[in-house]
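Please brief me on this protein model.

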Amino acid sequence: MRRKKFKPENFLIRSDKSIKLGPSVACDGGLAGDELHHVISHAHTDHFSKSKIESTWVEKERPVIVTEATSKLLTAYKINTIFNHDRVVIQEYGKPYSYEDGTKITLLDSNHILGSAQIQVEKDGVRYGYSGDFGENIDDFINVDYLAIDATYAGHYVEKTWDRETGLERLADSIKENLNKGPVNLIAVSGLMQEILSEIGESNFWDDSKLIIGTQQIQKFSKVYNDYNYRQPAMYIKDGLNEEKLKVQEIRSSDRYLELATSRKQLKSQPRGVTYHVKNRNIDFEEPIVEDKHEPNYFHVALSSHAFSDDIFDYINNVNPKEVMTDSSRSETTARIMAEKINEQFSAIKAYPSL
Ligand SMILES: [Zn+2]
């Protein structure tokens, strides 16, 4: 029988936000030491950088391992995975891949954005895993002893008075209604933005042409989402060529248009019409859409692509690890609180924050 070799130095989160899953795998961040495999969990830039991926390709001469959708979405950040096809390994969800050095890697859907993955690594008889950023309603869970977990929401309990599907529907309806009256602005992070656009497009809403303003990055993401059957609209680009910028100015002076942004600063300081600001963190709202107390026609929308509350504990329960390391690389406080909650909830699991 192979001896199981677990060493704490093979399971940690480093300052470049890379998650070391055993001696041979780094997930997100970059390849720091002598790992052979670099997995990118999903196409959100708070998890990786273009230069780290290029370093994997050029300096370490290693491929990056991603899902097909993630490889396509990476082109929105000018990371050309098509040109570098020999340096990209595409893994399908649910199909374990055994590499020559004896490392076995499995990617499973994490229900966060298109292409996002949970990562399971088996090496020398030890099973390590990373949840990646994960959403609710996951069907397949990784099966690991050592789990590194996304700690965006600290596991605090919130009474849910409405579900995500309802929030999404209400937002889509509200946007459609207001688009009949005047300009509408929508701020949402990549992925969630395309999910909202797809919800709006459900009733063939994009079939008659609408005036939509976006950015190059939003447009690239939408093209990929469209390929995966999420209905997306065509758009004019505000950070494009001069000719197109003039067209955008012309649209902005009309009375019916939808302007898309991934952050508040991509909009003018006083945008015309109604603005919806979708923010991951407003999960404890009693209603999914709430008007700002001081700014009329500015709505805060509580929608997230991250699991929270019970769903986090359900996730841990399903993975059923021996140890859980909560990710401190974004917030030390939430990681510490989440580890405490897990220890309270599960007596058989040892939970601790990274660092
Ligand atoms: Zn993410």
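Which residues touch the most other members of the largest nonpolar core? They are Leu-21, Ile-119, Leu-186, Ile-196 and Leu-260, in a core of 90 residues. This is a predicted model: local features need pLDDT of at least 70, side-chain atom pairs count only at pLDDT 80 or more, and totals for chains, interfaces and linings use all residues. Residues are numbered from 1 along each chain as its sequence is written.

**Overall shape**

- The protein has eight helices and 20 strands. Both are DSSP runs numbered from the N terminus: helices are H or I with at least four residues, strands are E with at least two.
- Its radius of gyration is 21 Å, close to the 20 Å from the globule rule for 355 residues, so the protein is as compact as a globular protein of that length. The radius is taken over C-alpha atoms, and the rule is 2.2 Å times the number of residues to the power 0.38.
- Along the principal axes, the C-alpha atoms fill a box of roughly 70 × 45 × 30 Å.
- Of the 355 residues, 46% are buried. Buried means that 20 or more other C-beta atoms lie within 10 Å of the residue's own; exposed means 12 or fewer, and partly exposed is in between, with C-beta atoms placed from the backbone.
- Take the contacts between residues at least 6 apart in sequence: 62% of them join residues at least 24 apart. A contact needs C-beta atoms, placed from the backbone, within 7 Å.

**Domains and core**

- Domain 1 covers 8–156 + 308–353, and domain 2 covers 164–302. These bounds come from an automatic or database domain assignment.
- The C-alpha centres of domain 1 and domain 2 lie 30 Å apart. The contact takes 10 residues from domain 1 and 10 residues from domain 2.
- On the side of domain 1 that touches domain 2, six residues are nonpolar, two polar and two charged. Ala, Val, Leu, Ile, Met, Phe, Trp, Tyr, Cys and Pro count as nonpolar; Asp, Glu, Lys and Arg count as charged; the others, Gly among them, are polar.
- The largest nonpolar core has 90 residues. It draws at least three residues from each of domain 1 and domain 2. Such a core is a set of buried Ala, Val, Leu, Ile, Met, Phe, Trp, Tyr and Cys residues joined through C-beta atoms within 7 Å.
- Leaving out residues up to four places away in sequence, Ile-119 touches residues including Leu-21, Cys-27, Val-39 and Tyr-130.

**Helix α1**

- Helix α1 spans residues 50–58, and its Lys-52, Ile-53 and Thr-56 are buried. These three cover an arc of only 100 degrees around the axis, which puts them on the same side of α1. The arc is that of the directions from the helix axis to the C-beta atoms.
- The face turned away from the buried side of α1 carries the exposed residues Ser-51 and Val-58.
- The cover over the buried residues of α1 includes β4 (37–39) and β5 (64–66).

**Positive phi angles**

- Most residues other than glycine have a negative phi.
- Lys-78 is not a glycine, yet its phi is positive, at about 60 degrees. Lys-78 lies in the loop between α2 (68–73) and β6 (88–90). Lys-78 is exposed, with 10 other C-beta atoms within 10 Å.
- Asn-111 also has a positive phi, near 55 degrees. Asn-111 sits in the loop between β8 (104–109) and β9 (117–123). Asn-111 is buried, with 20 other C-beta atoms within 10 Å.

Key
Two residues are in contact if their C-beta atoms, placed from the backbone, lie within 7 Å.
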